[in-house]
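Please look over the sequence and the model shown here before reading on.

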Amino acid sequence: MLKRYLFAPGPTPVPSEVLLEMAMPIIHHRSPDFMPVLESAKKDLQWLYQTKNDVIILCSTGTGGMVGAVNNFFNNGDRVLVINGGKFGERWTEICQAYGLQVEEIIVEWGYAVKPDIVEKRLKKGKDIKGVFVQASETSTGVYHDIKALASIIKKYEDTLFIVDAISALVAHDLRTDEWGIDIMVAGSQKGVMLPPGLAFVSVSEKAWAKAEKSKLPKFYFNFKKERENLAKNQTNFTSPVTLIIGLNASLKMLKAEGLKNVFKRHERLANVTRRAVQALGLELYSKESPSNSVTAILAPPGIDGQAVYKNLREKYGIIAGGGQGKAKGKIFRIAHLGYSDRFDVIIAIAGIEMVLKGMGHPVKLGTGVAVAQELLID
Ligand SMILES: *Cc1c(COP(=O)(O)O)cnc(C)c1O
């Protein structure tokens, strides 16, 4: 037997409490059995999102939420800015282009965060930009982009929406949707929210709803106006993924019991400990600045293939981490500390990294990273 430890940046582990709730018999999505369930999930999601806006719940993966964030608010030929600093930044460009938007990219070197003044300079140049797209946490590079600074710039432009892919950042970072002025924020169930894959969430500001009125792009499955009307009745437009929404209620209840501040503190702490422990092993972070609190991207040491580290962690020890994506493939491996993650998860991950690297012939003094982690995790 090889016991599995899921430390991937999605899917993430689901607590037994949540799994048990999801084992209940299927209820009908148009029956009074279900409406209170959706009502409670809807309210708790607003709490997690720190918003009074609607948070649309879709039956899709996170990418479906990204698609909906494009096809519901824009028109063919609209000029938009995409901050592209990794694989998921590229995805924004691909989706916008698939819907006929004119994309102008701000290319950010992988491992770095966008400089907000570059965005400000571009917006000042002409009032033609209809939207700015970014990742909060770019999961492929382990970098957090400064959402607060970007929001403070973009909100000055009446005709420009700020769209954030927070699929891996929600729960791990304090994202103040209303206070900062994020117009559209996308998240997914299988990351910080501790659920199986299958739900996407999208918050929509009043500024964005006004834009939705003028959007003529094709919409059928991802039709946010219809979802909004249904949400007001504690329904979804099509059959609700009832099991996942029951699970969502259970996981949000757990997060509420912990408290939002403590949830963020836990993620900050686990991320910080992971970084310090791998650095104690002489390893370098792939994120050269602004490291994410959801995932740590680690450069494989010279002469060691990052993909082989990832593979050995899984095959020899049952640790499911993340490999490198796109041009980072082979150079890095990634450890998530997201969602249902606590102190001993970090210790297992660090111990596994030490054992794999030593097994691959890299000089490692076993216990070096683990000791640093333990020291920092003593309460
Ligand atoms: C996981 C992830 C996605 C893609 O989500 P899917 O659920 O696989 O569609 C998009 N953006 C970021 C930042 C992610 O971490």
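What follows is a short tour of a ligand site, a strand and a helix in this predicted model.

From a polar side-chain atom of Thr63 to an oxygen atom of the ligand the distance is 2.4 Å. For Gln190, a polar side-chain atom is 2.7 Å from an oxygen atom of the ligand. Gly62 takes part through its backbone: a polar backbone atom of this residue is 2.9 Å from an oxygen atom of the ligand. Taken alone, the ligand would expose 380 Å², and the protein buries 89% of that area.

The next stop is strand 9, which covers residues 184-188. Is this strand mostly covered or mostly open? It is mostly covered, with five of its five residues buried. The burial applies to both faces: Ile184, Val186 and Gly188 lie on one side, while Met185 and Ala187 lie on the other. Strand 9 also has pairing partners. Strand 8 (residues 161-165) runs parallel to strand 9 and is joined to it by three bridges. Within this pairing, Val164 has Met185 of strand 9 as its bridge partner. Strand 10 (residues 199-204) runs antiparallel to strand 9, and five bridges join the two. Here Ile184 stands opposite Val204 of strand 10.

Which residues of helix 13 are buried? They are Val346, Ile347, Ala349, Ile350, Gly352, Ile353, Glu354, Val356 and Leu357. The cover over these buried residues comes from several elements. Among the helices that provide it are helix 11 (260-280), helix 12 (306-317) and helix 14 (368-377). Strands take part too, including strand 12 (295-299), strand 13 (319-320) and strand 14 (332-336). After helix 13 comes Gly361, which has a positive phi, near 95°.

Technical notes
Residues numbered from 1 in each chain as written. Predicted model: local features only at pLDDT ≥ 70, side-chain atom pairs only at ≥ 80, totals over all residues. Heavy atoms only, no water. Buried < 20%, exposed > 50% of the residue type's maximum accessible area, 1.4 Å probe, protein only. Helix = DSSP H or I, 4+ residues; strand = E, 2+ residues; numbered from the N terminus. Contact = heavy atoms within 4.5 Å. Pairing = 2+ DSSP bridges. Polar contact = N/O pair within 3.5 Å; in protein donor to acceptor, adjacent residues only side chain to side chain. Areas by Shrake-Rupley, 256 points an atom, 1.4 Å probe, with all protein chains shown as cover.
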